[in-house]
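Please look over the sequence and the model below before reading on. The paragraphs that come after them go from the chain as a whole to its individual parts.

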Amino acid sequence: MAEVHFSEQQTTFQPCSWLNSDARRYPLADFVTKAHDISSGIACVLELLEDSMLREIDGGPQLLTLYQRGALLRYSISSATLLQDESSRGIEWLNTHGANQMKG
């Protein structure tokens, strides 16, 4: 059996960012990018669920089972709850520190 040698090339994961390097330093910048990604995910799931519902109404072929639709709905609920929790922390931070940031 021939020996297999794998390259030891290291890759470093670098997540994409919607903000440039200067904007990332602003207070709540992390929240803004999370809100963007979470809301995009929720919108995508809702589009899939709507398509599934319309196919069912029209008698067309279903791409998602009832179980899959339920899982996607629970994912959306969890995502919306996460977004609400993140925004609550942002509101608390703004109420505590927001005025000081405007002075500086």
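What follows is a walk through this predicted model, beginning with the whole chain and ending with one pair of residues.

The secondary structure of the protein chain consists of 2 helices and 0 strands. Of its 104 residues, 17% are buried, and the accessible surface comes to about 8,900 Å², with 58% of that area belonging to carbon and sulfur atoms. When contacts between residues at least 6 apart in sequence are considered, 50% of them join residues at least 24 apart.

Helix H1 covers residues 29-58, and its 30 residues reach 44 Å from the first C-alpha to the last, which is close to the 44 Å expected at 1.5 Å a residue. Which residues of H1 are buried? They are Ala29, Thr33, Ala35, Ile38, Gly41, Ile42, Val45, Leu49 and Ser52. After H1 comes Gly59, a residue whose phi is positive, near 75 degrees.

Is Leu94 buried, partly exposed or exposed? Its relative accessible area is 44%, and Leu94 is therefore partly exposed, since that value lies between the 20% under which a residue counts as buried and the 50% over which it counts as exposed. Although Leu94 and Leu28 are 66 residues apart along the chain, their C-alpha atoms are separated by 8.9 Å.

How values were computed. Residues numbered from 1 in each chain as written. Predicted model: local features only at pLDDT ≥ 70, side-chain atom pairs only at ≥ 80, totals over all residues. Heavy atoms only, no water. Helix = DSSP H or I, 4+ residues; strand = E, 2+ residues; numbered from the N terminus. Buried < 20%, exposed > 50% of the residue type's maximum accessible area, 1.4 Å probe, protein only. Contact = heavy atoms within 4.5 Å. Areas by Shrake-Rupley, 256 points an atom, 1.4 Å probe, with all protein chains shown as cover. Expected span 1.5 Å × (residues − 1).
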